[in-house]
Amino acid sequence: MFTILEGVGLVCITVVGLQFCRIIYRITYNSIIGPFFKKNVDFTQYGRWAVITGATDGIGRAYAEALAKQGMDIVLISRNMSKLEAVSEALEKTHQVKTVIIEADFTDPSPTMYNHIEKELVVLKPPPIVLINNVGMSYPYPEYFLDLPDRDQRFMDIINCNILSVTNMCKMIIPNMFDNGKGVVINISSTAALIPSPMLTVYAASKVCFHIFPPYLTIHTGYACLLILVR
Ligand SMILES: NC(=O)c1ccc[n+]([C@@H]2O[C@H](COP(=O)([O-])OP(=O)(O)OC[C@H]3O[C@@H](n4cnc5c(N)ncnc54)[C@H](OP(=O)(O)O)[C@@H]3O)[C@@H](O)[C@H]2O)c1
């Protein structure tokens, strides 16, 4: 028989062991098993154009690279024209795909800003039916709700950039999904929306919207609306 201490030790080792196996399985599946059995999602079956918000750095840029590698043409949206041009050139050269660049700041809630994006998208043939809602901003550093300097502006920017962008971009792309009978929306969330994050209150709250949108849009549209959680 085990002593209590040995029992606790055994449980801890089992939990850590299972977590370790899960990580190894995920890495092996994503890099070897999935690609070998062609289990990776082939986005080209969903259309030619993918629209990516916040596409010039980090996760958005990684999506742009990955989808261009699959042969998709990419609409890159972010604030900085020289970064947009550099990413566009790199994608076109490396993957022989087309790109469209749109300079836009999602902290700007004005209809003019979204009309400007829509004008660039409506001319695309076939209309885009893949949307990666990636753009997002957080606090400059973790802080309690009422202690954040410049909180009025910062909170407005977070709400506009993280929530309004998803709402308006979905409004633009989802009608194309209905017309085409298929489509994909991917929303990039954060574990801040799942674990207690009292020093990122508004950011965490803004990311909860990403958990609500996909299942409800899936019910409404019948097409894939996915949630990607970034730790
Ligand atoms: N990185 C993490 O550890 C982490 C963790 C959890 C969740 N996430 C989420 O993952 C997403 C991407 O994060 P990331 O770390 O990859 O971001 P990042 O490296 O900071 O890249 C942000 C991208 O968005 C663009 N951008 C930023 N603000 C913008 C604005 N107001 N309007 C238009 N474009 C804007 C940037 O380009 P310009 O500056 O040229 O505009 C850049 O292309 C976000 O939604 C974030 O909340 C990230």
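**Helices, strands and the loops between them**

Gln96 lies in the loop between α3 and β3. Its phi is positive, about 50°, although Gln96 is not a glycine. The model is a predicted one, in which local features need pLDDT of at least 70, side-chain atom pairs count only at pLDDT 80 or more, and totals for chains, interfaces and linings use all residues. Residues are numbered from 1 along each chain as its sequence is written, and side-chain values use heavy atoms, with hydrogens and water left out.

The protein has six helices and six strands; helices (H or I, at least four residues) and strands (E, at least two) are DSSP runs numbered from the N terminus. Along the sequence the pattern reads α-β-α-β-α-β-α-β-α-β-α-β. The C-alpha atoms of the protein fill a box of roughly 75 × 50 × 35 Å, taken along the principal axes.

The chain's helix α1 covers residues 4-36. With 33 residues, α1 reaches 45 Å from its first C-alpha to its last, close to the 48 Å expected at 1.5 Å a residue; the expected span is 1.5 Å times one less than the number of residues. A bend of about 55° occurs in α1 at Tyr29, where a bend is the angle between axes fitted to the seven residues ending at a residue and the seven starting there. Just after α1, Lys38 takes a positive phi of about 55°.

Strand β2 (residues 73-78) pairs with strand β3 (residues 99-103) in the parallel sense over five bridges; pairing requires that DSSP finds at least two bridges between the strands. Within this pair, Val75 stands opposite Val100 in β3. From β2 the chain crosses through helix α3 (residues 81-95) to β3, and this β-α-β crossover is right-handed, that is, the path from the first strand over the helix to the second runs clockwise with the strands pointing away from the viewer.

Helix α3 also packs with helix α2 (residues 58-69), at an angle of about 25° and with the axes 10 Å apart. Axes here are lines fitted to C-alpha atoms, for helices over the stretch in contact, and angles run from 0 to 180 degrees between N-to-C directions. The two helices, α2 and α3, are therefore roughly parallel to each other (angles under 35 degrees count as roughly parallel, over 145 as roughly antiparallel, 65 to 115 as roughly perpendicular and the rest as oblique). In passing α3, α2 makes a right-handed crossing; a crossing is right-handed if the near helix is turned clockwise from the far one by less than a right angle, and left-handed if anticlockwise.

Further along, the loop between α4 (111-122) and β4 (130-133) holds Pro126. The peptide bond from Lys125 to Pro126 is cis, with omega near -10°.

Helix α5 (residues 151-180) has 30 residues, so at 1.5 Å a residue it should span 44 Å, and its end C-alpha atoms, 42 Å apart, agree with this. At Leu164, α5 bends by about 35°. Gly181, with a positive phi near 75°, follows α5. The axes of α5 and helix α6 (residues 201-221) come within 9 Å and cross at roughly 10°. Helices α5 and α6 are therefore roughly parallel to each other, and α5 passes α6 in a right-handed crossing.
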